[in-house]
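Please read the numbered points below with the coordinates open beside them. They are meant as a colleague's note, to be checked against the model point by point.

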Amino acid sequence: MQASQLQNTYKDPHRYPHGVAFQDGQFIPVSEAKISVLDYGFLHSDATYDTVHVRDGAFFRLDDHIDRFLAGVARLRMQLPLSRAEIRNLLHHCVALSGHRHAYVEMICTRGTSDTFSRDPRDARNRFLAFAVPYGSVANYDQMRRGLHVSLVDTVRIPPESVDPSLKNYHWLDLIMGLYGAYDRGGETALLLDAQGSVSEGPGFNIFAVFNGALVTPDKGVLPGITRRTVMEICAAEGISCSAGSLSPDALRQADEVFATSTAGGVIPVTTIDGHPVGNGRVGELTMKLQDIYWSWHQDPRFKMSVTYPED
Ligand code: PLP
């Protein structure tokens, strides 16, 4: 991505996002989208969701995101009266009506409510919502250019035995408290360890470390990110060694390069850990190469699905 394009993406970070939501059979301004205080999604984080992005007027890997979403819905034993094609269509409409060429698009299924406020989750009517807002990133413009400052924090990531991390969820209190831990240490974002002391993930991103040109990303207790998968596929295509395995904090500190991956930002360089420079302290060469290829893959017909806007 060009610097001017990047700048455009990250401008106006504090404005309430203009966008379009789909709720109860209607498309409405995102500022009017609401859920009941009695929805178990709100009361118990009993929900699953997925986030896909639109770049230059086209979705990236939409079907992969819908697959992950539908797998989460099934694992939570929720019923969604919508087919894959209908979900795809609703998301397209949210983006088209919003007019955003670069968008952050969320699909959500909550347990919903029951007429009697029953404690039995089977009595609830599940609820689908979706929205499209301007594209947002884990890192702002400056951070993208000079690399994120990350802190390893004491808060332990929720164990996979308790909440399956492959099911995208709103159990974010460990990640949020991790963020406060990072701010207290002068960091900009947090990296959490798992109960065994290995590196896991951060608020909204997976992590990769580079050692002598070979990549390692944590294999357990993390969301199998679509951006993480894309990086692994890029590595396979480019003949770069990349494996999922255990990553200790000490190894991470010794890495030549570190980067985060997320739908919200793509390949995001990390240049300090706990205030110490990663490698030479500058954004790594391999990180930049993967970043370039990641954005170029947005033109690949295997992954790209164009949005038809009303004015087109
Ligand atoms: N890990 C967590 C906890 C996340 O919430 C996310 C995305 O929101 C990611 C990793 C990155 O996943 P993806 O690349 O699919 O956006």
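1. On the basis of the values. This is a predicted model, in which local features need pLDDT of at least 70 and side-chain atom pairs count only at pLDDT 80 or more, whereas totals for chains, interfaces and linings use all residues. Residues are numbered from 1 along each chain as its sequence is written, and side-chain values use heavy atoms, with hydrogens and water left out.

2. On the shell around the ligand. There are 16 residues around the ligand, of which Lys 168, Glu 201, Ile 226, Thr 227 and Thr 263 come nearest (a residue is near a molecule or strand if one of its heavy atoms lies within 4 Å of it). By class the shell divides into five nonpolar, seven polar and four charged residues, where Ala, Val, Leu, Ile, Met, Phe, Trp, Tyr, Cys and Pro count as nonpolar, Asp, Glu, Lys and Arg as charged, and the others, Gly among them, as polar. Helix H7 (226-238) and strand S12 (257-262) each supply at least two residues of this shell; helices (H or I, at least four residues) and strands (E, at least two) are DSSP runs, numbered from the N terminus.

3. The side chain of Lys 168 places an N or O atom 2.6 Å from an oxygen atom of the ligand, and a polar backbone atom of Ile 226 is 2.8 Å from a ligand oxygen atom. For Thr 263, a polar side-chain atom lies 2.7 Å from an oxygen atom of the ligand. On its own the ligand has 390 Å² of accessible area, and the protein covers 93% of this; accessible areas come from the Shrake-Rupley method with a 1.4 Å probe, and for residues only the protein chains shown count as cover. A polar contact is a pair of N or O atoms within 3.5 Å; within protein, one must be able to donate a hydrogen and the other to accept it, and residues adjacent in sequence count only if both atoms are side-chain atoms.

4. On the salt bridges. A search of the whole structure finds 20 salt bridges, a salt bridge being a side-chain nitrogen of Lys or Arg within 4 Å of a carboxyl oxygen of Asp or Glu. One of them joins the side chains of Asp 24 and Arg 127 at 3.2 Å, N to O. Asp 24 lies in the loop between strand S1 (20-23) and S2, and Arg 127 in strand S6 (residues 125-134), so this pair ties together parts that are 103 residues apart in sequence. With a relative accessible area of 54%, Asp 24 is exposed, while Arg 127, at 21%, is partly exposed; the cut-offs are under 20% relative accessible area for buried, over 50% for exposed, and partly exposed in between (1.4 Å probe, protein chains only).

5. Asp 174 and Arg 157 meet through their side chains in a salt bridge of 2.6 Å, N to O. Here Asp 174 belongs to helix H6 (residues 173-184) and Arg 157 to the loop between strand S7 (148-156) and H6, 17 residues apart. Asp 174 counts as buried at 7% relative accessibility, and Arg 157 counts as buried at 11%. Elsewhere, Arg 61, Asp 64, Arg 229 and Glu 233 are linked in a network of salt bridges.

6. Ile 35, Val 37, Leu 38, Phe 42, Leu 43 and Phe 117 make a nonpolar surface patch of about 560 Å². Patches are made of residues with over 30% relative accessible area and no salt bridge, like charges being joined within 9 Å and nonpolar side chains (Val, Leu, Ile, Met, Phe, Trp, Tyr) within 5 Å. Ile 35 sits in the loop between strand S2 (26-29) and helix H2 (40-44), and counts as partly exposed at 36% relative accessibility.

7. Where is His 65 found? His 65 is in helix H3 (residues 62-75) and counts as buried at 1% relative accessibility; a polar atom of the His 65 side chain lies 2.9 Å from the backbone oxygen of Thr 51. Tyr 309, in the segment after strand S15 (304-306), is buried with a relative accessible area of 3%, and the C-alpha atoms of Tyr 309 and Gly 99 are 6.7 Å apart although 210 residues separate the two in sequence.
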